[in-house]
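Welcome, and take a moment to turn the model around before reading on. The report below goes through strands, a helix, a pocket and a few individual residues.

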Amino acid sequence: MKKPILVVLAAGVGSRFGGLKQMTPFGLHGEGIIDYSLYDALQAGFERVAFIVNSKIKDDFHNFIGKNIEKHMEVSYVLQELDMLPEGFHPPKDRQKPWGTGHAVLCAKDAIDAPFCVINGDDLYGRSAYEQMYAYLSKEPKEGEYAMVGFELGKTLSDYGYVSRGVCDVSENGYLNSVVERLHIISSVDGPLYTEDGKNYVLLPADTTVSMNMWGFTQNYIDHLAEGFGAFYKEAMATNPTKAEYLLPNIVGDLLKQDKASVKVLHSSDKWYGVTNASDRPLVEAAIKNMTQDGIYPDGLWK
């Protein structure tokens, strides 16, 4: 079996952050969040990475991120563009927003020839998440035997605004039953709260397992993405043609309902760091500084 591939989603526009998070310095020597994720992945055993970017940022991304990791891992670049759709489909003329994470992975089909791990380029997951995922993918899972790293909800919230999280229902034997996307979760003195109408809030336990979009798939998942795109596109054109997104958790949920896949939930007790809002940046910078001082990361990742 070929060695697992790390697939990094880095084509997003970061609307709430106010800029391109994937090329924003966070480390002591100007490193981006992706640098730290790559370092963790490398330490866990990953030797190959595919970056999904868009043509507008490809060169800058290479100069900021790619040129450093190319010395340590086998690197490929994949473009995600609005018009890169399966045959017979076309983007509406007013569409500017990317088609979502499912479409991004579909764009990467030619770069994926082994089990693969998908991550968000602007999330810092922690070393143990990569170690668990690499170990799972290295055991040659059968087609349809997927995995997901679950985090504790309370360790993923922002102090400066609402976040969206995939709230997971996990079986007693550690497999994912379903994921429900909660689009507006806030931190409070009573614990995490979510609302669906902006008025009424419901308490969620802080140790609730949530998905942070760190998935492990076998290659046949890409076939499912291709098969399901037509139904998504039809609904998107009828309901929200300029903003509807083809999302990884939704496709996984459909496969679970149809008994076409299983998802092993790998639990991480690490704190997740991300920059949903611009105000999160100082907290992430401080966390990286502390982890560097504690020896988790070297002072200068690629020196």
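## A walk through the model

Arg-165 stands opposite Arg-182, a residue of S8. Please keep in mind that this is a predicted model.

S7 and S8, the latter covering residues 176-186, pair in the antiparallel sense over seven bridges. They form a hairpin with five residues between the strands, and there Gly-174 takes a positive phi near 85°.

With strand S9 (residues 193-195), S8 pairs in the antiparallel sense over two bridges. Ile-185 has Tyr-194 in S9 as its bridge partner. Six residues lie between S8 and S9 in their hairpin, and Gly-191 in the turn has a positive phi of about 120°.

Tyr-160 lies in the loop between strand S6 (145-152) and strand S7 (163-170). Is Tyr-160 buried or partly exposed? Its relative accessibility is 46%, so Tyr-160 counts as partly exposed. Tyr-160 and Val-275 are 115 residues apart in sequence, yet their C-alpha atoms are 9.9 Å apart in space.

### Strands S1, S2 and S3

Now move to an earlier part of the chain. Strand S1 (residues 5-9) and S2 run parallel and are joined by five bridges. S2 (residues 48-53) also pairs with strand S3 (residues 74-79), again in the parallel sense, over six bridges. Helix H2 (residues 58-69) belongs to this region too: S2, H2 and S3 make a right-handed β-α-β unit.

Here are the strand pairings in one place.

| Strands | Sense | Bridges |
|---|---|---|
| S1 and S2 | parallel | five bridges |
| S2 and S3 | parallel | six bridges |
| S7 and S8 | antiparallel | seven bridges |
| S8 and S9 | antiparallel | two bridges |

Individual residues show how S2 sits between its partners. Val-8 has Phe-51 in S2 as its bridge partner. Towards S3, Ala-50 is the bridge partner of Ser-76, and Ile-52 stands opposite Val-78.

How many of the six residues of S2 are buried? Six of the six are, and S2 is mostly covered. Arg-48, Ala-50 and Ile-52 point one way from the strand, while Val-49, Phe-51 and Val-53 point the other way, and all of them are buried.

### Helix H6 and what follows

Helix H6 spans residues 248-257, and seven of its ten residues are buried, so the helix is largely enclosed by the rest of the structure. The buried residues of H6 are Leu-248, Pro-249, Ile-251, Val-252, Gly-253, Leu-255 and Leu-256.

Asp-259 is exposed, with a relative accessible area of 69%. Its phi is positive, about 55°, although Asp-259 is not a glycine.

### The second largest pocket

Helix H5 (220-239) and H6 each supply at least two residues of the lining. H5 gives the most, with eight residues. Sorted by class, the lining has eight nonpolar, five polar and five charged residues.

### Asn-213 in strand S11

The last stop is Asn-213, found in strand S11 (residues 209-217). What makes Asn-213 count as buried? Its relative accessibility is 10%, and buried means under 20%, so Asn-213 falls in that class. The side chains of Asn-213 and Trp-215 are joined by a polar contact of 2.9 Å. Asn-213 is not a glycine, although it has a positive phi of about 65°.

Conventions. Residues numbered from 1 in each chain as written. Predicted model: local features only at pLDDT ≥ 70, side-chain atom pairs only at ≥ 80, totals over all residues. Heavy atoms only, no water. Buried < 20%, exposed > 50% of the residue type's maximum accessible area, 1.4 Å probe, protein only. Helix = DSSP H or I, 4+ residues; strand = E, 2+ residues; numbered from the N terminus. Nonpolar A, V, L, I, M, F, W, Y, C, P; charged D, E, K, R; others polar. Pairing = 2+ DSSP bridges. Right-handed = clockwise from strand over helix to strand, strands pointing away. Polar contact = N/O pair within 3.5 Å; in protein donor to acceptor, adjacent residues only side chain to side chain.
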